[in-house]
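Subject: Structure handover

Dear colleague,

Here is the structure for your files. My notes on it follow below.

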Amino acid sequence: MQLLIIVKPSVKKAVLEHLDWLKKTCEKKNILYITVKTTGNYEYDLASIKANAQKSQIAVAIGGDGTLNLALNGVINSTCSLAILPCGTGNDFARSFHCTAKQWQNAIFNAPTHLIDIGKINTRYFINVAGVGFDAHVIKQLGHLQSMAAWRYKWTSFKSLFTYRASTLQGVFLNKQSEYPNLITVFANSQYFGGGIKIAPRAEIDDGLLDCYQMQASSVVNHLFSFIKLLFKRHHTLKRLTYSQLKEAYITTKNLLVEADGELVGVTPAVIAIHKQAINFHIPIKKRLQ
């Protein structure tokens, strides 16, 4: 058996502790391992992960949602199962499980794997949330500061509400043509995004559906009101919000920024789809989604 470790080089204590624990555990169990240290060059890192996934049985992403997204795209078409030791800025995908660091560690070797759904937007797979509109705009504004404290996302979001210019979004949702001034349109496989904002409280990772939120743009005052509602998980009551569960959608408008798992991944047009039971994921035994 061989373990593939995918980690972004960091001096963060949590990253170093997880990496040290994992290597020592592999040595103790006589398990071979290979480490891929990410460089920030997506295509280069992806190729390295794909090559090593072909000769590994378990891939472990040490880091946050961005590292997990890279690992997912590298192993999705291999026989590797996927595990995570969350120690990034937001840890939004892991947040839904309400598990401790020790429970995530135990899940790598002691917990059975569980087939979970994976989303895809154009050529990029995502495990958590993909979006078009304000969320992608905020990620672009953050730039290299994405690795800073999670509160920075919320603060940047708040400031950007005063200057964000919405674009008209055209697309097909649930086989119906749709056109609206787009504040944010997200497709959620899991519950949290943006460093702890519970955008999709009803989302489940094994129901074969994406939870879609289409929030229409309006005035700055209404945007602020919507943002506050979202922070307090009351956005389902918003009049300008359309909520649905779907298997696929199409956005035909051109040149709108697209984000997936907190990473800018391209522009529209976009085809969004759910891939049911697409990968074996190591979920801590204690509990699943809550």
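Which element gives the largest share of the lining of the largest cavity? That is α8, with 4 residues. Please keep in mind that the model is predicted.

The cavity

The structure holds 1 cavity of 30 Å³ or more, and the volume of the largest cavity is about 140 Å³. Its lining is made up of 15 residues, and Phe134, Ile184, Phe193, Phe227 and Leu230 are the closest to the centre. Two or more lining residues come from each of α6 (134-142), α7 (151-160), β9 (176-188) and α8 (220-231). By residue class, the lining has 11 nonpolar, 3 polar and 1 charged.

The strands

β15 (residues 257-260) pairs with β7 (residues 129-133) in the antiparallel sense, over 3 bridges. In that pairing, Ala260 of β15 stands opposite Ala130. β15 also runs antiparallel to β16 (residues 263-267), and 4 bridges join these two strands. Here Ala260 stands opposite Glu263 in β16. β15 and β16 make a hairpin with 2 residues between them, and Asp261 in the turn has a positive phi of about 55°.

Cys99

Cys99 is in the loop between α4 (92-95) and α5 (101-109). Is Cys99 buried or exposed? Its relative accessible area is 17%, which is under the 20% cut-off, so Cys99 counts as buried. Cys99 and Lys254 are 155 residues apart along the chain, and 40 Å separates their C-alpha atoms.

Regards

Methods. Residues numbered from 1 in each chain as written. Predicted model: local features only at pLDDT ≥ 70, side-chain atom pairs only at ≥ 80, totals over all residues. Heavy atoms only, no water. Buried < 20%, exposed > 50% of the residue type's maximum accessible area, 1.4 Å probe, protein only. Pairing = 2+ DSSP bridges. 1 Å grid on protein atoms, 1.4 Å probe; cavity = no way out; pocket = protein on both sides within 12 Å on 5 of 7 lines; lining within 4 Å. Points joined across faces, edges and corners; volume = space filled by probe spheres on them. Nonpolar A, V, L, I, M, F, W, Y, C, P; charged D, E, K, R; others polar.
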